[in-house]
Amino acid sequence: MKTSKYFAFFYLSMGFLPILFFLLLISAFYSYMYFKELLILIGLDLLVFSILGGLEIYKRSDKVKTNKLVKNYLSNVKNDGYNIVIAGFDIKSKEIKQKQYKVNINKYTSVLDAILDVKKAQDNTIALRYSCRMGICGSCGMVINGKPSLACETNFIKVAKNNVVTVEPMQAHPIVKDLVTDFKDFFDKHSSVEPHLIRENTKEQMTGKTPYDQKPDDTNKFLPYSYCIMCGLCNDACPVVNSNPEFLGPQALSQAYRYQMDSRDQSKDRLTAIDKLTGLWGCEFAGACSKACPKGVDPASAIQLLKMVSISDDLKGKNDGEKNEV
Ligand code: SF4
Ligand code: FES
């Protein structure tokens, strides 16, 4: 880097030499009378050159810094035996077969990147679902080293154990092929809690004249629960979902809470519909859902708060669910 700086300075100084020469010529006419002044003039010239040269060097050194970043990135590419084990599920034979692939990894590689590299260069039959590659669409959920995770948000090196990462399809959903699972039941449960605002007067929405005002405090009551990207990781981590497929699951229940707490919502049936053993009373508060959630939604707390809302409604005589029969 130092050499490039000196070179830049030399290069720039060369550019200014004709100007310096011209100034010296003019000064030479007066040199016999104004020798001191000539020295001052030369000094000033050199000062101006140094400032201009310095500015250019500063600009160039920025580029050198960027190049250094790229160099660092490339030097982090390691070929020292990272492996990924992918569990492929064959729908015909109903068998899961694990295959191991060698992968080139650098410190920024995500598990999704590694799978896509394998798919591109070694085995194009691998089936997986993904879209945004940035933790937004929620479609790349899978079990990575035993933990339900988003493949695009999981750093390969950070989760690798003995340089190996294992990926499997999610367990709480029927497997379609390899890492792709069927989310129909998941979305059915989600829709069953009516995850939208319900108003008594449905016609007001058509007029466009009714603003749904809300104070910041009211928004804060449900805001953290509205960050759900429907990835299904919470359901996959939940021991109740995995032992009782009828259970609505943390995703649907947390969304029920999100809309139940919205000051603009006027639903009378949502809470009653989930007030049952396969609904909010099925939750055993294991907390695995909140640990698995990549968006910090905390479905476990939403369900406990929903239980409190239900009890309070009961005390006020508003609710007639099944929990009293438990
Ligand atoms: S609550 Fe979290 S883990 Fe569950 S579906 Fe939503 S974003 Fe995914
Ligand atoms: S690809 Fe969209 S969340 Fe991972």
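Predicted model: local features only at pLDDT ≥ 70, side-chain atom pairs only at ≥ 80, totals over all residues.
At what angle do the axes of helix α5 and α10 cross, and within what distance do they come?

**Figure 1. Packing of helix α5 against α10.** The view shows helix α5, residues 184–192, beside α10, and their axes come within 8 Å and cross at roughly 20°. Angles under 35 degrees count as roughly parallel, and α5 and α10 are therefore roughly parallel to each other. The crossing of these two helices, α5 and α10, is right-handed. On the α5 side the contact is made by Lys189, His190 and Ser192, and on the α10 side by Gln251, Ala252 and Gln255. By class, the residues of this contact of α5 with α10 comprise one nonpolar, four polar and one charged.

**Figure 2. Packing of α10 against helix α13.** Here α10 is shown with helix α13, which spans residues 299–315; the two pack at an angle of about 55°, and their axes are 8 Å apart. That angle makes α10 oblique to α13. The crossing in which α10 passes α13 is left-handed. From α10, the contact involves Pro250, Gln251, Leu253, Ser254, Ala256, Tyr257 and Gln260. From α13, the contact involves Pro299, Ala300, Ala302, Ile303, Leu305, Leu306 and Val309. The residues of the contact of α10 with α13 divide into 11 nonpolar and three polar, with no charged residue.

**Figure 3. The surroundings of ligand 1.** Ligand 1 is surrounded by 14 residues. The closest of these residues are Cys228, Cys231, Cys234, Cys293 and Val297. Two helices, α8 (233–237) and α10 (250–260), each supply at least two residues of the shell around the ligand. When the shell around ligand 1 is sorted by class, it has 10 nonpolar, three polar and one charged residues.

**Figure 4. Cysteine 231, one of the residues closest to ligand 1****.** Cysteine 231 is placed in the loop between α7 (216–222) and α8. Is cysteine 231 buried or exposed? Cysteine 231 counts as buried, because it has 27 C-beta neighbours inside 10 Å. Not counting residues up to four places away in sequence, cysteine 231 touches Gly138, Gly141, Leu150 and Pro294.

**Figure 5. Arginine 199 in a loop****.** Arginine 199 lies in the loop between α5 and α6, the latter covering residues 204–207. With 14 C-beta neighbours inside 10 Å, arginine 199 counts as partly exposed. Its contacts, not counting residues up to four places away in sequence, are with Glu204, Gln205 and Gln266. Arginine 199 and aspartate 265 are 66 residues apart in sequence, and from C-alpha to C-alpha they are 6.1 Å apart in space.

**Figure 6. The chain as the setting for the close-up views.** The chain contains 13 helices and seven strands. Of its 326 residues, 25% count as buried. Among the contacts in the chain with a separation of 6 or more, residues 24 or more positions apart account for 67%.

Notes. Residues numbered from 1 in each chain as written. Chains lettered and ligands numbered in written order. Near = placed C-beta within 6 Å. Helix = DSSP H or I, 4+ residues; strand = E, 2+ residues; numbered from the N terminus. Nonpolar A, V, L, I, M, F, W, Y, C, P; charged D, E, K, R; others polar. Axes fitted to C-alpha atoms, helices over the stretch in contact; angles between N-to-C directions. Parallel < 35°, antiparallel > 145°, perpendicular 65-115°, else oblique. Left-handed = near helix turned anticlockwise from the far one by under 90°. Contact = placed C-beta atoms within 7 Å. Buried ≥ 20, exposed ≤ 12 C-beta atoms within 10 Å, placed from the backbone.
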